[in-house]
Amino acid sequence: MRNRFKRMAALLACCLLLGATGCAGAGDDNVFVIGKTGIYHRDECPRLRMALAQTMTRGEALALDCKPCPGCRPDARR
């Protein structure tokens, strides 16, 4: 339970930093992180439907120990 709280607090802090700095890291690929699972996705992933997801760069998601979705494979070349 504490790990989940720490992860959610880190996601919130990251979101606040992004909001304060504008388009920080705009050159990186954006991914969509579902905070409940800690998995990040491409924007066209069907697993994002009806989920509360946060947009961030792939590097930020990795820094928060988020894992890539096995379905949409966001780390694979497009």
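Strands here are DSSP runs of E with at least two residues, helices are runs of H or I with at least four, and both are numbered from the N terminus. Two strands pair if DSSP finds at least two bridges between them.

This is a predicted model, in which local features need pLDDT of at least 70, side-chain atom pairs count only at pLDDT 80 or more, and totals for chains, interfaces and linings use all residues. Residues are numbered from 1 along each chain as its sequence is written, and side-chain values use heavy atoms, leaving out hydrogens and water.

**The sheet**

The sheet is open and has four strands, in the order β3-β1-β2-β4, with mixed pairing. β3 and β4 (67-68) stand at the edges with a single partner strand each, so one side of each has no neighbour in the sheet.

| Pair | Sense | Bridges | Residues opposite each other |
|---|---|---|---|
| β1 and β2 (residues 39-41) | antiparallel | three | Val 33 and Tyr 40 |

β1 and β2 form a hairpin, with four residues between them. In its turn, Gly 38 has a positive phi of about 75°.

Arg 42 lies in the loop between β2 and β3. Is Arg 42 buried or exposed? Arg 42 is buried, at 11% relative accessible area. Buried means under 20% relative accessible area, exposed means over 50%, and partly exposed is in between (1.4 Å probe, protein chains only). The side chain of Arg 42 reaches the backbone oxygen of Ala 76 at 2.7 Å. A polar contact is a pair of N or O atoms within 3.5 Å; within protein, one must be able to donate a hydrogen and the other to accept it, and residues adjacent in sequence count only if both atoms are side-chain atoms.

Asp 43 is in the loop between β2 and β3 too. Its C-alpha atom is 6.6 Å from that of Phe 32, eleven residues apart along the chain. Leaving aside residues up to four places away in sequence, Asp 43 touches Phe 32 and Leu 48. Contact means heavy atoms within 4.5 Å.

**Helix α2**

Arg 58 sits in helix α2 (residues 58-63). Its side chain reaches the backbone oxygen of Pro 74 at 2.3 Å. With residues up to four places away in sequence not counted, Arg 58 touches Asp 29, Val 31, Tyr 40, Pro 74 and Asp 75.

**Cores and cysteines**

The largest nonpolar core has seven residues: Val 31, Val 33, Tyr 40, Met 56, Ala 61, Leu 64 and Cys 66. Such a core is a set of buried Ala, Val, Leu, Ile, Met, Phe, Trp, Tyr and Cys residues joined through side-chain atoms within 4.5 Å. Apart from it lies another core of five residues, including Ile 34, Cys 45, Cys 69 and Cys 72.

How many disulfides does the structure hold? It holds zero. A disulfide is a pair of cysteine sulfur atoms within 2.5 Å. Cys 45 is in none; its nearest cysteine sulfur, that of Cys 72, is 3.8 Å away. Cys 45 is buried at 5% relative accessibility, and Cys 69 is buried at 2%.
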